[in-house]
Each structure stands twice: as C-alpha cells, then as structure tokens.
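Hi,

Here is the structure I promised to pass on. Have a look at it first, and then read my notes below.

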Protein chains: 2
Amino acid sequence: MKPTSIAVLGTGMVGKALATKLVGLGHRVTLGSRSARHDGATAWAEAHGERAGQSDFATAAAGAELVLLAVKGEHAEAVVDAARKGADGAALDGKVLVDITNPLDFSQGMPPSLFVFGHDSLAERLQRAAPKARVVKTLNTVNASVMVDPDRVAGQGAVFVSGDDAEAKATVKAMLEGFGWRQIVDLGDLSTARGTEAYLLLWLRLWQATGSPDINIGLLRAPDGAR
Amino acid sequence: MKPTSIAVLGTGMVGKALATKLVGLGHRVTLGSRSARHDGATAWAEAHGERAGQSDFATAAAGAELVLLAVKGEHAEAVVDAARKGADGAALDGKVLVDITNPLDFSQGMPPSLFVFGHDSLAERLQRAAPKARVVKTLNTVNASVMVDPDRVAGQGAVFVSGDDAEAKATVKAMLEGFGWRQIVDLGDLSTARGTEAYLLLWLRLWQATGSPDINIGLLRAPDGAR
C-alpha cells in the first residue's frame, strides 16, 4: 500500500499497535480519541515521530484517506457517529472504514456473549451508521500482537476480510500484506462478518484452553482435485 | 478404543458416516431411528455385516455402552428424550453421550442463525435433558466426510472436545484418535461448546467462500518460549 493518511480511531492496545505498525510502514497516522486532548494519544504521537499525530475522532477522520476503527464494540456506533461529523458531516463519505471491533457483551459477566448476532452484525450496523463509508471488516479474530505480526504464531494463520466494495477490500488486503499476512481469506460481502464476529466466542475458549492470546487458526482445504 | 457397543442416533449422512467408520474399526453399532422400522437404517445394517444393527432410539441407547447423537439440531432434545426412555428410563444413565449436533435455525432462511447462543448451548440443553448422561461435545465443527477422515484436508486440522467428565472425554478422545485425529483440543467444561457451536456461523461462510465443505481449521500457537 502506498503511503497514505490514516486515522486510527481508538487509543487502547489495538489502536496503538495498529498506529505504531502503520507509522513504521511509512504512513502518516493520526490517533483519534474522544476529545482532542488525550494524554495517552499525545504521548504516543510524541514518541513516534513526525508522521504521528493525534486528534479527536471527527478531525482525525476528516483528514484521513483510510480510517481504522479500533474501539470496544460497545462504543463502536457512537465513535462512527462522532467521526462522520467531521468535514461538515462528510468525513467518512467514500472512505474505506476498516472495522476491527467485536460486539462483546460483558453485561452478564465472563465469559462474554455478543450484543448483536445471527441475522445482523456490528459491521453491518456500522455500515448503516455511515452509509457512504465503505466498511471492510477484518483483523477482529486475533489479538493486537498477532494483528501486526501474524508470524508470532507458528504456521499459516488466516485473516478474514468481509465487505461489499471490491476496491475497498483490495486496499485492505494490501494493508494486511504489509503487516505480513499471507493467508487472506475474502469471505464475501459485509454480512459474512456475522461469521467472524461469532467466532470470537470460540476464540475466547481457545485463549482459555491454551493459556495464551497469541493464537490463531489456519484455514485448511482438501488438496486440489480431491473433491 | 477397545471394541464397544455403540448406538448412533440419526440415520442421515452424519449418522451413517460415523456408524460405518465405527463398524470398520471393529465396534458393534446400532443405528437408531425414530421408529423401529426405517428403510434407510435397515439397508445400512444389511450392507455392513453382522456387527451392524438398527433399532428405535430407546432400544439402541439401552443396548449401547456409548451413544452418539447425530441428528439435526432442531430434533436433538426430542431424540435425547426418546432415547433415555429405554431400559425403564435409565438408557442413558452413566453413559457417554457424544453430542455432534448444531443448533442451526433455518426459520428465517439461508444462511441460518442459531436457536441457542451466548450464555447457553445445545450441548448444555441436552445435558439438562439427560442429567445422568455424561455429555461430550465434539466433531460438530466439520462435515461428515472430514469427521471420519480428518486427513481429507491438507495440514493439521483441529477437533474440539467439551465436557464436564474427564473420563468421558478420555473415551471420546480415544474414539477420535481411532478416526485419525491428531490435534484434539480439549476446550474444558461443557459450556465451552458455546464456542464451537457459534463457530458454525463462520464455518458456513468458509464453505461458501471456498466452494467446498471439505474444510477445517488448525489451531496455531506461538512457539514455546515466545510468550
């Protein structure tokens, strides 16, 4: 992917890991937070050189060509709503919005369930919240460390891509290749995010069973001609 | 696993594939159906030699040491309820009940959703329906062909095991090893079946994206010492 202006919305572990990786790959990255003043985002920007900046969600989105959403699922719709208000309400129009969130519902304790499931997904909700954005769901099936360093797990790990816009998915695949991903599985339209979001409930159990969040799955197929 | 009397409840593709494999491994297998007379089950039993039989659910369960449930998810509770009525209501008591079902809900068309999800699972419902059985969930994450021939997909594919009884899980793992499984992932107690049941929604999308149901996932971990 050629050097681009990128907004990473979310200042948690995922947002910082993605922003740091993207700066390292030569992009200009603005870390977006709820308010323009955010100590963690300021510290991150100061530590990562002249290509790193920070701003509120709307300003960050308005100034970016590519927008990554890396917030807790419960805040995702509110953050998209805040971000799109930039540039007189056009901050997300036509832009690739990379949705990395999961609709985890902790309201009944651990382990969590999902607050949207089955015949809808958080990705589709976000698309409805920003109808002119081109939403692509990806990277929500691994933790922050594996997102930006897929070879952290041994073997050929898969990352999944869901979206309605082929050009937007091509942009996201190029970004993923830059992160080191080789098994990039295009699942199809945005509704396929229902599958990767549901998988989180298995991922949580795999984390528990293995004792490590540095895990992934590889997609295995029958050898060609064996079908 | 030493030769055992096994009931396979369900006469569909999954039931027949499992029953055929188990007969081939030297077990005595009774294919259980709703009524004692079932053309498909009769034909199967006649084709598979003297170790193969057929019966209604209750009689099959009463005569078996190990019971496999391989019916459509929507019928699973009713079939367990029918099966336990054998042996004066004790047909499943103390027995390992291997649950291979998925709670697929086709009521709103394709692709399906799940009729139980999140803070409960079909496996747990079945355990409640037969409290004295020792329910172990497994094999529900692959199609019938891969269940009994894991090397049909290239690479190290995973199969998952969930259950509350360690001895029952050991029995099931031995059965899985007999089928050729090498990456057998013990997820923990029966509630972990919530994870493998939810995964079905991703599996369906992987099937759609790859164009083949002969697929699986492998569990990938960080190399030892990398954590």
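A residue is called buried here if 20 or more other C-beta atoms lie within 10 Å of its own, exposed if 12 or fewer, and partly exposed in between. Keep in mind that this is a predicted model.

An α-helix has 3.6 residues a turn, so residues three or four places apart point the same way. Just after H1(A) comes A:Gly26, with a positive phi of about 100°.

Now chain A as a whole. I get nine helices and eleven strands, and 55% of its 227 residues count as buried. How does its radius of gyration compare with that of a compact globule? For 227 residues the globule would come out near 17 Å, and chain A has 17 Å, so they agree. Along the principal axes, the C-alpha atoms fill a box of roughly 55 × 35 × 35 Å. Of the contacts in chain A with a separation of 6 or more, 70% are between residues 24 or more positions apart.

Next, the cis peptides. In chain A, one joins A:Met110 and A:Pro111, with omega about -15°. A:Pro111 sits in the loop between strand S6 (104-105) and strand S7 (113-114) of that chain. In chain B, the bond from B:Met110 to B:Pro111 is cis, with omega near -10°, and B:Pro111 lies in the loop between strand S6 (104-105) and strand S7 (113-114) of chain B.

B:Ala87 has a positive phi of about 50° without being a glycine, and its place is in helix H5 (residues 86-89). B:Leu139 is not a glycine either, yet its phi is positive at about 65°; you'll find B:Leu139 in the loop between strand S8 (134-138) and helix H7 (144-147).

Which of the classes, buried or partly exposed, does B:Leu139 fall in? It has 29 C-beta neighbours inside 10 Å, so B:Leu139 counts as buried. B:Ala87, with 14 other C-beta atoms within 10 Å, is partly exposed.

Cheers

Terms used: Residues numbered from 1 in each chain as written. Chains lettered and ligands numbered in written order. Predicted model: local features only at pLDDT ≥ 70, side-chain atom pairs only at ≥ 80, totals over all residues. Helix = DSSP H or I, 4+ residues; strand = E, 2+ residues; numbered from the N terminus. Rg over C-alpha atoms; globule rule 2.2 N^0.38 Å. Contact = placed C-beta atoms within 7 Å.
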